[in-house]
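Biologist: I would like a close look at a single part of this protein. Please take it slowly, as I am new to reading structures.

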Amino acid sequence: MDLDVFVSAHRAEWDRLDALLRRQRHLNGPEVDELVALYQRTATHLSLIQSSAPDPQLTGRLSQLVARARSAVTGTRRASWRDVTRFLIHGFPAAVYRSRHWWVPTALLSTLVAALLGWWIGTTPEVQSSIAAPSELHQLTRPGGEYETYYSSNPAASFAAQVWTNNAQAAALCLVLGIFLGLPVLWILLQNMLNLGVGFGLMSSAGRLDTFLGLVLPHGLLELTAVFVAAGTGLRLGWTVIAPGPRTRRTALAEEGRAAVGMAIGLALVLFISGAIEGFVTPSGLPTWARITIGVAAELAFLAYVFVLGGRAARTGQTGDVEAAERSGTVPVAA
């Protein structure tokens, strides 16, 4: 194909289509028919150019033109309950599964850091004294102290809502700030692990580690997993800025960013469940083994959801990105 001749022959049609799209709300009947015909011809032209002479600049222009025309012809598709179901069964678990090589190591390393911090604080009186005065530490860790009453300090419903809001914000920050090379994500993780390590260390030094674990594990397993998933996804997004792979950096960030937005919605639902457990189960009168069993069951259910449903969806090509028909056109690049 002689690209210059092809462009000269069809440029007037493309310009006419662009002009019709600019005033699409004021078209009469014949002009609407003309728009549809030009859309179909331009889509054919785009296909021919992509297969025979993939000029990036021309392909980019025609891709955008065809996308605009398709939106004008077919209208904006509204989300339905079918989309919600597809997202929950396929899109979200597939996105979490695809990022497992980031969030699983993040979870393991973060847990190790929290455990080491807790051991250091619990075995070093000097560190404990730098955190608070002995009387204050006793008030925190004694039976009926602040660590225990924290979970029943407010009515269960309002406490669960507060916990959910705080954790959802932390997860969203990990996802959004990941684009800054992942550095803010590491800081957020460190703060969370430091808080966990301080509680672990102080309660263990007071001989009440079993009480601490009984309070944290029911909701903490699922809650921390959601935070680790968000952090791992944020780190992956930051790495995409550094090494986008065979895609252009813009295309890679668009694809991973759209998946991250979906992850934020899905993780908000997960954190809602963990917040409900923290608000209603953790401070309840259930025996410790029953509360921990509920937490473990919720965690195992989430992991099965990700690695069974998500793994199956990922193997069929699901990525957590929006449907291909709803994406803007992309410019092909050399391999």
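Which residues does UniProt list for "transmembrane region", and how do helices α10 and α11 pack?

Modeller: This is a predicted model, with an average pLDDT of 83 for the protein chain and 90% of the residues scoring at least 70. Over residues 324-335, however, the pLDDT is below 50. Where pLDDT is low, the predicted coordinates should not be read in detail.

The unreviewed UniProt entry lists residues 102-121, 170-190, 224-245, 257-277 and 289-308 under "transmembrane region". In the model, residues 102-121 are 100% helix, with the end C-alpha atoms 29 Å apart. Residues 289-308 are also 100% helix, and there the end C-alpha atoms are 27 Å apart.

Now to the part you asked about. Helix α10 covers residues 183-205 and helix α11 covers residues 209-242. Their axes lie 11 Å apart, at an angle of about 170 degrees. Angles over 145 degrees count as roughly antiparallel, and α10 and α11 are therefore roughly antiparallel to each other. On the α10 side, the residues in contact include Leu 189, Met 193 and Phe 200; on the α11 side, Phe 212, Leu 224 and Phe 228 are among them. By class, this contact has 14 nonpolar and four polar residues, but no charged ones.

Elsewhere, the model has seven aromatic pairs. One of them joins Trp 103 and Phe 307, with 6.1 Å from centre to centre and 55 degrees between the planes, a tilted pair. Trp 103 sits in helix α5 and Phe 307 in helix α13, so this pair links parts of the chain 204 residues apart.

Note on methods
Residues are numbered from 1 along each chain as its sequence is written. This is a predicted model: local features need pLDDT of at least 70, side-chain atom pairs count only at pLDDT 80 or more; totals for chains, interfaces and linings use all residues. Side-chain values use heavy atoms; hydrogens and water are left out. pLDDT is the predictor's confidence in each residue, from 0 to 100. Contact means heavy atoms within 4.5 Å. UniProt positions are given in the numbering used here, feature names are shortened, and annotations may be inferred rather than shown by experiment. Helices (H or I, at least four residues) and strands (E, at least two) are DSSP runs, numbered from the N terminus. Axes are lines fitted to C-alpha atoms, for helices over the stretch in contact, and angles run from 0 to 180 degrees between N-to-C directions. Angles under 35 degrees count as roughly parallel, over 145 as roughly antiparallel, 65 to 115 as roughly perpendicular and the rest as oblique. Ala, Val, Leu, Ile, Met, Phe, Trp, Tyr, Cys and Pro count as nonpolar, Asp, Glu, Lys and Arg as charged, and the others, Gly among them, as polar. Rings of Phe, Tyr and Trp (its six-membered ring) pair if their centres lie within 6.5 Å; planes under 30 degrees apart count as stacked, over 60 as edge-to-face and the rest as tilted.
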